[in-house]
Amino acid sequence: MAGVTSNSTRDRMNSLSVYVILGLTTLMIQTTDSKGSPNIRVVLSVWPPGSTIYLRESVALRCSVEAVANYSWTYHWFRHTSHKIVTPNARHMISGDSYSITGVAKADGGSYWCQAERNGSTTPLLSDPAHLTVSELTPPSLAVIPNSRQHFQGERFSLQCPAVSESNSTESNSTDWTLWQLTDFGVRSGCQTLEGTVRKEVPGACSLSSLYSGLYWCESSEWRSNTVKITVSYGSMIIVGPAHPVTEGDQVTLHCRYWFHKPNLTTFYKDGVEVVLNVTEMTIDNVNGADEGFYKCAEPEEKLESPESWLSVRRNSTSEERKTLSSEGTWIWVLLFCCIVVILLLIPVVMLLVRHYRLRMWCTRSCFSSKEGTPPGEAPQTKQDVTEVQWDLGWMEMANLLDKQQYPATAS
């Protein structure tokens with residue numbers, strides 16, 4: 001009996017020791033956490049990796065906390081400055097630890113930060129900045145088969161990495177590229193890892209089952225392709241449109257697909273505003289930058305609608321060159337006209353200056369010869385000389401006077 005009591009006492013002491021150790025460990029972790037110990041670190045990652053992003057593609061930023069213990073965190077995002085919280089909009093979407101940019105524009109370049117704050121703690125933790133540079137170069141293209149950003153759940157679609165490296169125009173086998181996927185569950189790479197199958201009839205294409213929405217791109221040892229954001233719908237309607245940017249002047253067709261049946265009335269929306277009613281297909285002729293935006297289709301009576309899909313429009317390089325040449329030609333004609341006007345204005349001024357110079361020279365010679373012809377001791381004539389009255393007469397009157405003195409017969 002005494003032995004049983006001794007063992008029970010020993011077990012209680014051991015349990016108490018374990019609780020004390022766990023309590024001290026937790027207290028130490030909480031203390032180091034509140035002081036910002038290196039045990040906790042906020043990491044900001046950019047997907048696709050790298051500081052260079054391309055115009056009109058999609059980019060994702062993820063904020064993660066590396067800590068000894070698991071806590072509940074609240075995240076804030078900052079752009080350009082680490083003191084002003086980002087306000088989300090249609091292209092810049094924030095969801096907790098995720099920040100996504102759709103249709104990258106030049107203004108999206110700059111520095112980004114994320115801040116993590118543990119619930120119940122007053123000391124937020126700030127990440128190092130991520131500096132993004134927007135490139136206007138055209139990256140190698142990731143092909144989507146069929147050509148659409150949206151697919152119904154369970155449907156299969158294929159992604160084909162570039163067969164030619166468009167960045168340096170040299171041949172490159174598609175097998176040299178690796179397909180990457182970013183979803184809410186993490187990052188994976190490789191067709192087999194993504195539970196896909198290689199399509200023999202399409203070299204380098206990976207056939208995938210539509211299970212999760214995500215960001216896809218290809219990487220090689222030197223290059224990476226553009227990104228494509230694939231949306232997997234578990235609803236009854238999707239909108240089908242180009243997966244890649246279209247060029248100004250092209251014709252673009254958007255149409256709705258239905259999982260079960262075709263509704264009677266379908267309405268198309270752009271950026272939340274009705275644009276076309278009672279059709280299942282929308283065609284945009286001669287597309288331009290004003291047509292860029294988020295599109296969706298909906299069936300009001302049955303309260304069905306598709307997810308939004310981004311339509312990106314790139315400038316036509318040929319039209320831009322024509323506009324530039326036209327602008328340069330206009331300026332040349334303006335400069336030429338100005339030169340002609342200046343020349344026409346200078347001609348009479350130069351003529352007046354030449355006449356004035358000749359007049360002064362004649363007056364000077366006339367005055368000099370008059371002084372030399374006066375006999376010594378003889379007083380000069382009291383008649384007013386031409387040189388004396390020249391300053392009292394106007395230009396035209398002076399010219400007439402000189403003509404009369406030079407050619408008296410003609411004047412009479």
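**Entry 1: helix α2.** I located I343 in helix α2, which covers residues 317–372. The model is predicted. I343 is exposed, at a relative accessible area of 51%.

Entry 2: C338 is partly exposed, with 39% relative accessibility. C339 is likewise in no disulfide and is partly exposed at 46%.

**Entry 3: disulfides.** I found 4 disulfides in the structure. With the bonded cysteines numbered in sequence order, I recorded the pairing 1-2, 3-6, 4-5, 7-8.

C63 and C114 have their sulfur atoms 2.1 Å apart, and the link is right-handed, with 70° about the S-S bond. Because C63 lies in strand β3 and C114 in strand β7, the pair ties together parts 51 residues apart in sequence. C63 is buried at 2% relative accessible area, and C114 is buried at 0%.

For C191 and C206 I read a sulfur separation of 2.0 Å and a right-handed link with 85° about the S-S bond. C191 sits in the loop between β16 and β17 and C206 in strand β18, so this pair joins parts 15 residues apart.

**Entry 4: open sheet.** I traced an open, antiparallel sheet of 4 strands in the order β1-β3-β6-β5. Its edge strands are β1 (41–47) and β5 (92–95), and the twist averages 15° from one strand to the next. I counted 4 bridges between β5 and β6, with M93 opposite S100 in β6.

How values were computed:
Residues numbered from 1 in each chain as written. Predicted model: local features only at pLDDT ≥ 70, side-chain atom pairs only at ≥ 80, totals over all residues. Heavy atoms only, no water. Helix = DSSP H or I, 4+ residues; strand = E, 2+ residues; numbered from the N terminus. Buried < 20%, exposed > 50% of the residue type's maximum accessible area, 1.4 Å probe, protein only. Pairing = 2+ DSSP bridges. Axes fitted to C-alpha atoms, helices over the stretch in contact; angles between N-to-C directions. Disulfide = S-S within 2.5 Å.
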